[in-house]
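Subject: Handover of a structure and notes on its salt bridges

Dear colleague,

Please find the structure below, followed by a short account of what was found in it.

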Amino acid sequence: MRDTVPFAEAVRVWLRVAIQSFGGPAGQIAVMHRILVDEKRWVDEPRFLHALNYCMLLPGPEAQQLAIYLGWLLNRTPGGLVAGTLFVLPGFLSILALSVLYAGFQGTAFVTGLFFGLKPAVMAVVVEAVVRIGKRALKNRVMVGFAAAAFIGIFFFEVPFPVIVVMAGLLGWLGGKWIPAPASDEAMAVQVNPSWGRSFRVLAICLTLWIVPLLALLGIFGKDHVLVREGIFFSQMSMVTFGGAYAVLAYVGQQAVETYGWLGPGEMLDGLGMAETTPGPLIQVVQFVGFLGAFRHPGTLNPWTAAILGSLVTTWVTYVPCFLWIFLGAPYIEALRGKKGLSRALAGITAAVVGVILNLAVWFSIHVLFREVGEARWMGMRLLVPVWETVDWAAVVLAAFAFLALFRFKLGMMTTLAASAAAGLAWHFLR
């Protein structure tokens, strides 16, 4: 890692990362790796993986937390704030615009065609990112076995993500020579001395930023208003949703649909499609939920005003904790670098996470290519069973072209997404 990175240059690079961060956590992590490690050489490979391993242990969006961590490494607290904020901003603005279109023009041919064309391309982007990260993280057959075991555990047996992380870390710790501990130039280390005083300051500032807005909403609107309920609910979500956006989908979907009635069952997948096809973290799907919930239950507010406030509140309480986790924990994680046992444990976690991300890619692919997907139980396993009669051949064709564009012709992510979106629009209007 370079000793100094000019702050203005870092801001420009983080804006570039944010604009290109499509395709969920796999794609976003790959973008950061390509720009910061391969192109700029600001961070070395072991340092990048060390930061990624820690972020994988946290609740919330690991890609955004990785951006905060790397921004902090390069430019300390200002760098972390800029990296984390810019990583979210393009996605927030995009989801806000799409939420307005969805609420006001739901069912129009333009909106339907746009989402139809983008989803197969995003599927290809995610698979390409899994291949890229897997090549770098899986150093031997043992680590490939970690990834395979994690995929089987989460996809077929629904093993909770935290359990997979703990088991992978423990096995990595005990793996000895079978798990290579990455070497890094210690001269590149950021010299940070963790202290109780600094930790208490970080806690005080971040908790104030997190809680005071909720108390203000409570005082203005009362405990039963939708904005207060959303603020409390998504604050709870930010502390318990390990495993990324698909864990959020299950947790938020059940509560938002069945308990609060903020949106319908199918609309949750529409929101996920928005998040998949816009820059920024997939967890940004919660902004769509907050928007629709407040739009449909505005109380005394104008529905559009309530919806925009719902987007802001939901986004705020989702991401403020991310800054807390990184600014509080990163100095301690950096201080532990070079410990062989810890390095092997984190390497085991990284290998397992490749399997977890593959699970996300397979899950998304099945739901893109088939209009109906059922579930079956056999010998304790959960099997996703596509209804073959509902295969969407247009989506299959678009996905095939997207894979060729990315893997064979190397056209790039943005070109592939734009071409697929245009093809989806043309298909719907011609049909």
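Is Arg 371 buried or exposed? Arg 371 is exposed, with a relative accessible area of 56%; here buried means under 20% relative accessible area, exposed over 50%, and partly exposed in between, with a 1.4 Å probe and protein chains only.

Please note that this is a predicted model, in which local features need pLDDT of at least 70 and side-chain atom pairs count only at pLDDT 80 or more, while totals for chains, interfaces and linings use all residues. Residues are numbered from 1 along each chain as its sequence is written, and side-chain values use heavy atoms, with hydrogens and water left out.

The structure contains 8 salt bridges (a side-chain nitrogen of Lys or Arg within 4 Å of a carboxyl oxygen of Asp or Glu). One of them joins Asp 392 to Arg 371, with 3.9 Å between the closest N and O atoms. Asp 392 lies in the loop between strand S2 (381-386) and helix H15 (393-408), and Arg 371 in the loop between helix H14 (340-369) and strand S1 (373-378), so the pair ties together parts that are 21 residues apart in sequence. Helices (H or I, at least four residues) and strands (E, at least two) are DSSP runs, numbered from the N terminus. Asp 392 is buried, at 11% relative accessible area.

A further salt bridge links Glu 375 and Arg 377, whose closest N and O atoms are 3.7 Å apart. Through shared partners, salt bridges join Glu 158, Glu 375 and Arg 377 into one network.
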